[in-house]
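Visitor: I'd like a close look at one part of this model, please. Could you walk me through how the helices sit against each other and where the charged side chains pair up?

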Amino acid sequence: MLAASSGQIDRFLDQIWLGDGLSANTLASYRNDLAIWAHWLADARGLTLLEADRDAVQAFLARQSRDLKAATLARRIASLRRFYGYQVQNGVLPADPCAELQAPKRVRPLPRVLSEDVVAALLAAPDLATAAGLRDRAMFELMYACGLRVSELVALPLSQVYLREKFVQVLSGKGGKQRLVPLGDYAAEAVLRYMREARQDLLAGRSEALLFVNQRGEPLTRQGMWFIIKQYAARVGVPLAALSPHVLRHAFATHLLQHGADLRALQMLLGHSDITTTQIYTHVARERLKQLHREHHPRG
């Protein structure tokens, strides 16, 4: 049963990858969710994925809801819906056992955002007398100037950074879409200096298409980048609770809004497919304004 279900998952993932060009992270999430469902279905009901009915789906999700956060449960439901919707669409199944499922409402947490002064301190923290420091300054400036996701930064090819024209061409970490993002003077200068003075030292004779490399001349990973951010944050006194891997992306978005940026323009810069995702930053900016009013107004 598990072998049959595993084959069904493989075929499904191959087809949606070919059709939609989904990222490796999205495909891995689908695989994990469907594998958990397949194991439960085999153990509890003795069925393969294509033999599941509505009662089995409801029993599985009732069990899952005891242990999972709402966001994780909602994602697991979305994975099942995508799998069975695909099977019905392609004539493999006559009916979708997930057709009437209701996903739990997800309360989206507000992004953790650093103030402009703290961001400035973080950007200034790398030691520009070292190759690693020049690289780190360039990475931080680029993330803050362009609002890049960590996955987008570490996967950015050298060929897609246009310093003379002052923009970068970014392949989105979600959905494989491309977008053009303007590049400010500070970031362009930092990247140029890294390329001229540090990159070849880090490569030590190796060849690498990606812009940023680690101390061994290999491409940086998301985990490596997160480690670097935490190191510098500790150096300038940023508490761990205020950090996330996307801390500079969140700062980019919120600070632009605070300085009068248009929400639609911000959506394009961030690469959000849905403006409701971008709107979360309006709440962050609003809360910041309330805090400033309370702190500085004589009747706040």
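Guide: Let's start with how helix packing is described: axes are lines fitted to C-alpha atoms, for helices over the stretch in contact, and angles run from 0 to 180 degrees between N-to-C directions. Helices (H or I, at least four residues) and strands (E, at least two) are DSSP runs, numbered from the N terminus. Keep in mind that this is a predicted model, where local features need pLDDT of at least 70, side-chain atom pairs count only at pLDDT 80 or more, and totals for chains, interfaces and linings use all residues. Residues are numbered from 1 along each chain as its sequence is written, and side-chain values use heavy atoms, with hydrogens and water left out.

Now to the packing. Helix α5 (residues 116-124) meets helix α6 (residues 131-146) at an angle of about 150 degrees, and their axes are 8 Å apart. That makes α5 roughly antiparallel to α6 (angles under 35 degrees count as roughly parallel, over 145 as roughly antiparallel, 65 to 115 as roughly perpendicular and the rest as oblique). On the α5 side, the contact (heavy atoms within 4.5 Å) uses E116, V119, L122, L123 and A124, while α6 brings R137, F140, E141 and Y144. Sorted by class, that gives 6 nonpolar, no polar and 3 charged residues (Ala, Val, Leu, Ile, Met, Phe, Trp, Tyr, Cys and Pro count as nonpolar, Asp, Glu, Lys and Arg as charged, and the others, Gly among them, as polar).

On to the charge pairs. A search of the whole structure turns up 10 salt bridges, each being a side-chain nitrogen of Lys or Arg within 4 Å of a carboxyl oxygen of Asp or Glu. One of them joins R75 and D33, at 2.6 Å from N to O. R75 lies in helix α4 (residues 70-89) and D33 in helix α2 (residues 24-45), so this pair ties together parts that are 42 residues apart in sequence. D33 also bridges to R76, at 3.1 Å from N to O. Since R76 is in α4 and D33 in α2, that link spans 43 residues in sequence. Together, D33, R75 and R76 form a network of salt bridges.

How covered are they? D33 is buried at 0% relative accessibility, R76 is buried at 6%, and R75 is partly exposed at 34% (buried means under 20% relative accessible area, exposed over 50%, partly exposed in between, with a 1.4 Å probe and protein chains only).
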